[in-house]
Structure formats: C-alpha cells, structure tokens
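Visitor: I have a model open and would like to go through it piece by piece. Can we start with the strands?

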Amino acid sequence: MTVWDLAVVGAGPAGLSAAYVAARAGVRTLVVERATHPRYKTCGGGLIGTSLAAVASRIEVPAHDQVDRVTFTRDGRRGFTRRHVGGPLVAMVRREEFDDRLRAAAVSAGAVLRQRVAVRAVEQEPEGVRLRLADGDAVTARTVVGADGSSGVTARYVRVRHRQIDLGLELELPVPPAERDHWRGRVLLDWGPLPGSYAWVFPKGDLLTVGVIAARGAGERTRAYLRSFVARLGLAGVEPVQDSGHLTRCRSEDSPLRRGRVIVAGDAAGLLEPWSREGISYALRSGALAGAAVAADDLTRYERAVTDDLVPSMLAGHRLLDAFTRRPEVFHSLLATPPGWRMFVRFCQGRASFDETLSRVPVRAALALVNRLPTRAVDVLAPASSTTDPSSYHPGS
C-alpha cells in the first residue's frame with residue numbers, strides 16, 4: 001500500500017492551499033474530498049485584500065463583482081453609504097468557481113485528488129497516520145492536514161475547542177437586470193436586532209447572496225431576522241436557487257492545532273475572524289502555513305506561525321465583537337466617522353490587521369469617545385441618509 005508524504009482531508013481553500021504549497025515543494029501529496037468539484041458551499045464569497053494576496057500567484061480570481069461602496073444600516077434604519085475611490089474593497093466570488101480554481105492549481109502543482117471519498121476515522125500508527133474511508137478502503141500518510149470543516153473528523157480527532165459558535169443562514173437569489181444594476185459595486189451591511197448579529201447583501205452578477213449571522217441558540221429569531229431583512233429589500237417573492245445554513249466555530253485561545261502527526265487548518269482548526277466571521281483569508285493562510293511546515297518536516301513550525309501570524313488578529317476581533325455585541329449603535333456611529341471608515345477600508349483591502357488597526361491612536365480615541373456618549377447622542381452621530389449616495393438603499397425598502 002502506498003504511503004503518502006501528506007494526506008489532506010478536505011478540498012476547500014485551506015486543504016487545497018496546504019496541498020499546493022506542499023506539492024510544489026516536492027511532497028507526495030494526496031487530497032481526499034467527500035464531494036465533487038465544482039460544488040456549492042454556503043459562504044458570503046467576499047474576498048478581502050488578504051485573500052486576494054494569498055492567491056495572487058496561484059489563480060486568476062473568478063470575480064463576479066468588484067465592490068467599492070458599502071451601505072450600513074442599523075436594523076433597517078439610519079442608513080448611510082460610503083464609497084472608496086482608491087480601488088475596490090472586496091471581490092465577490094461564487095465558491096464553487098473559486099474552489100475549483102484552487103483545485104486545478106493544486107493538481108497542476110503535483111497533488112493527487114480523490115473525490116467522493118469520505119473519511120470516517122483517523123488512526124496514528126508507527127508508520128504514519130491511517131485514514132479509514134467510508135468505502136472500507138484506507139489511506140496511509142506520514143502526515144495529515146485536516147481541512148474538513150469545523151465539524152469534521154479531523155477537528156474531533158485533534159480535539160479542537162471553541163469559544164464562539166454562530167449560526168449563518170444564506171439565500172442565493174436570482175435577480176433581473178434592473179436589480180443587478182442597482183447592486184453592482186455595492187454591498188449592504190445591516191447591524192441586526194440580535195446580540196452580535198448582522199445581515200448582508202453581496203452582488204454576484206445575476207445572483208444576490210443575502211444572509212444573516214447570529215450566535216447559536218436563537219435559531220428561530222435568526223430565521224425571522226432573515227425573513228424580515230429579505231422583505232425589507234423587496235425580495236420576498238424571489239425563489240432562491242440555494243437556501244442553506246451552517247455553523248461557524250471560532251477556536252478557544254488554548255485549543256490545540258495538532259495531535260501527533262495530524263494538524264488542522266482553516267475551519268477545522270476554528271480559525272476565522274470573530275467579529276465579521278470572515279474565514280476564507282484564514283483558511284488560505286493557515287493552509288499555506290500547514291503545507292510549508294509539512295515540507296520542512298517541522299510541524300511545530302505551523303503552531304508557532306498560527307500563534308504569531310493569525311491569533312493576534314483573532315484576539316482583536318474578539319474585542320471588537322464584545323464591544324459590538326454590547327453597543328451595536330456605537331459601531332454604526334463609528335463607521336460614520338473618518339477613523340471608523342478608514343479602519344473598515346484597511347480591513348477590506350488587507351492593508352492592516354485588526355490588532356494593528358486597534359493600536360492606532362485615532363481609532364482608539366474615536367471608539368473611546370463614542371463609548372462615553374449616551375445612547376441618544378450616539379444615535380445622532382449616524383446620519384439618517386447617505387451623504388455620498390442618496391440612492392444607497394433599495395427603493396423597495
């Protein structure tokens with residue numbers, strides 16, 4: 001039986017990034033994936049600058065839109081729009097296309113891909129790690145990178161622990177040309193009525209991705225928020241081509257990243273930004289770090305790199321989420337100010353991590369000032385309508 005240098009479980013951004021980096025370094029790499037590409041994946045599909053930089057030398061990003069305008073609302077009220085004139089903020093992709101490009105790049109680098117293969121168990125043996133497959137077969141590799149999601153077999157095997165679990169609900173809505181024109185180049189972010197919740201509209205050509213996210217445990221209220229949000233947009237009568245949900249899980253600070261010769265990356269490791277729940281950039285970066293560590297035959301290097309490169313921004317994201325959960329109106333008002341908008345732009349373009357952003361004196365000062373204001377004064381800070389784009393909100397709202 002062939003013993004691979006590396007077996008990757010899961011062919012999403014994290015797994016395919018690990019496979020690409022390792023295979024390019026000469027590591028004999030096998031990727032096993034339970035689905036078949038291209039496959040739908042519940043995901044907003046907004047690529048920030050950090051994600052775009054991670055794949056710049058690997059693929060041509062199949063973007064369906066380039067966003068430079070953002071409309072912010074507070075539970076449907078007090079809307080305002082900001083536009084960035086220095087280039088796009090976010091590229092919008094459909095995950096089935098984006099992931100398939102990553103698949104092709106990993107295969108071109110030398111990785112072998114087996115699809116429609118489900119892993120049922122992980123076993124460490126003296127000669128390596130054995131993956132027990134659902135069809136009764138087995139795969140043996142010297143090292144395994146687990147990238148099969150937060151509820152996958154590798155996360156359970158490594159015993160990943162989570163401090164935050166959220167429920168995301170999402171619709172893919174087909175829209176006519178007039179609706180496409182209205183949303184082209186624009187996203188909508190609505191800070192919702194549930195603690196820590198928000199909703200979004202992401203344009204992707206003839207589709208709008210509309211979704212909400214909130215802490216797990218309020219499922220019916222989260223579904224009600226999605227229904228009211230869609231109705232507010234004037235899209236309640238549109239039949240979705242996809243109607244899905246998923247749980248996002250963010251790791252505890254002391255959660256393991258490795259168990260013996262098995263390491264986890266991306267969602268399987270609970271790596272994502274806690275406030276926005278943005279996970280693609282963390283998947284791409286952690287996967288690449290995992291592949292590099294395997295190529296160097298130094299798995300502790302992966303643990304160090306995640307701790308140094310990714311964890312600080314996650315901790316800053318937890319601080320932002322705590323403040324946002326307590327006072328969402330503060331965040332809404334802060335984004336109406338120049339320091340708040342600049343913070344948002346830097347995050348979207350990947351020019352500064354959240355920990356770097358929160359260390360900036362103007363941002364700290366603005367947040368501290370708004371936090372000291374009474375609620376009524378805070379609400380006044382956010383303009384009732386856009387000062388830069390009067391048509392920022394949908395006519396049907």
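Visitor: Which residue is the bridge partner of leucine 169 in E15?
Guide: In this predicted model, leucine 169 has valine 212 as its bridge partner in E15. The strands involved, E12 (residues 162–174) and E15, pair in the antiparallel sense over 9 bridges.

Visitor: And which residue in E15 does alanine 199 stand opposite?
Guide: Alanine 199 stands opposite valine 212 in E15. Strand E14 (residues 198–204) pairs with E15 over 7 bridges, in the antiparallel sense.

Visitor: How many residues lie between the strands in the hairpin of E14 and E15?
Guide: The hairpin has 2 residues between E14 and E15. Glycine 205 takes a positive phi there, near 70°.

Visitor: Is E15 enclosed or open to the outside?
Guide: Strand E15 (residues 207–215) has 8 of its 9 residues buried, so the rest of the structure largely encloses E15.

Visitor: On to H6. What covers its buried residues?
Guide: The cover includes E12, strand E13 (186–191), E14 and E15. The buried residues of H6 are Thr222, Tyr225, Leu226, Phe229, Val230 and Arg232. They cover an arc of only 160° around the axis, which puts them on the same side of H6.

Visitor: Why would a helix do that?
Guide: An α-helix has 3.6 residues a turn, so residues three or four places apart point the same way.

Visitor: Which exposed residues are on the face of H6 turned away from the buried side?
Guide: That face carries the exposed residues Arg221 and Arg227.

Visitor: What span should H6 have, and what is the distance between its ends?
Guide: At 1.5 Å a residue, the 14 residues of H6 (residues 219–232) should span 20 Å, and the end C-alpha atoms are 20 Å apart, which agrees. Just after H6, glycine 234 takes a positive phi of about 80°.

Visitor: Change of topic: aromatics. How many aromatic pairs are there?
Guide: The structure holds 14 aromatic pairs. In one of them, the rings of tyrosine 198 and tryptophan 200 have centres 5.6 Å apart and planes at 55°, so the pair is tilted. Both tyrosine 198 and tryptophan 200 are buried.

Visitor: What about tryptophan 275 and phenylalanine 324?
Guide: They form an edge-to-face pair, with 6.1 Å centre to centre and 70° between the planes. This pair links distant parts of the chain, 49 residues apart: tryptophan 275 is in the loop between strand E18 (262–264) and helix H7 (280–295), and phenylalanine 324 is in helix H9 (residues 311–326).

Visitor: Are those two buried or exposed?
Guide: Tryptophan 275 counts as buried because its relative accessibility is 4%. Phenylalanine 324 is at 1%, so it counts as buried. One aromatic cluster includes Tyr198, Trp200, Trp275 and Phe324.

Visitor: Now the largest nonpolar core. Which residues touch the most other members?
Guide: The core has 68 residues, and Phe98, Leu131, Val145, Leu271 and Tyr302 touch the most other members. Leaving aside neighbours within four places in sequence, the contacts of phenylalanine 98 include Pro13, Leu47, Val55 and Ile280. A second, separate core has 30 residues, including Ile48 and Phe72.

Visitor: Last one. What is the strand order in the open sheet of 3 strands?
Guide: The order is E3-E7-E4, with antiparallel pairing. Strands E3 (46–47) and E4 (65–67) stand at the edges with a single partner strand each, so one side of each is left without a neighbour in the sheet. E4 and strand E7 (residues 90–92) pair over 3 bridges, and aspartate 65 has methionine 92 in E7 as its bridge partner.

Key:
Residues are numbered from 1 along each chain as its sequence is written. This is a predicted model: local features need pLDDT of at least 70, side-chain atom pairs count only at pLDDT 80 or more; totals for chains, interfaces and linings use all residues. Side-chain values use heavy atoms; hydrogens and water are left out. Two strands pair if DSSP finds at least two bridges between them. Helices (H or I, at least four residues) and strands (E, at least two) are DSSP runs, numbered from the N terminus. A nonpolar core is a set of buried Ala, Val, Leu, Ile, Met, Phe, Trp, Tyr and Cys residues joined through side-chain atoms within 4.5 Å. Buried means under 20% relative accessible area, exposed over 50%, partly exposed in between (1.4 Å probe, protein chains only). Contact means heavy atoms within 4.5 Å. The expected span of a helix is 1.5 Å times one less than its number of residues. The arc is that of the directions from the helix axis to the C-beta atoms. Rings of Phe, Tyr and Trp (its six-membered ring) pair if their centres lie within 6.5 Å; planes under 30 degrees apart count as stacked, over 60 as edge-to-face and the rest as tilted.
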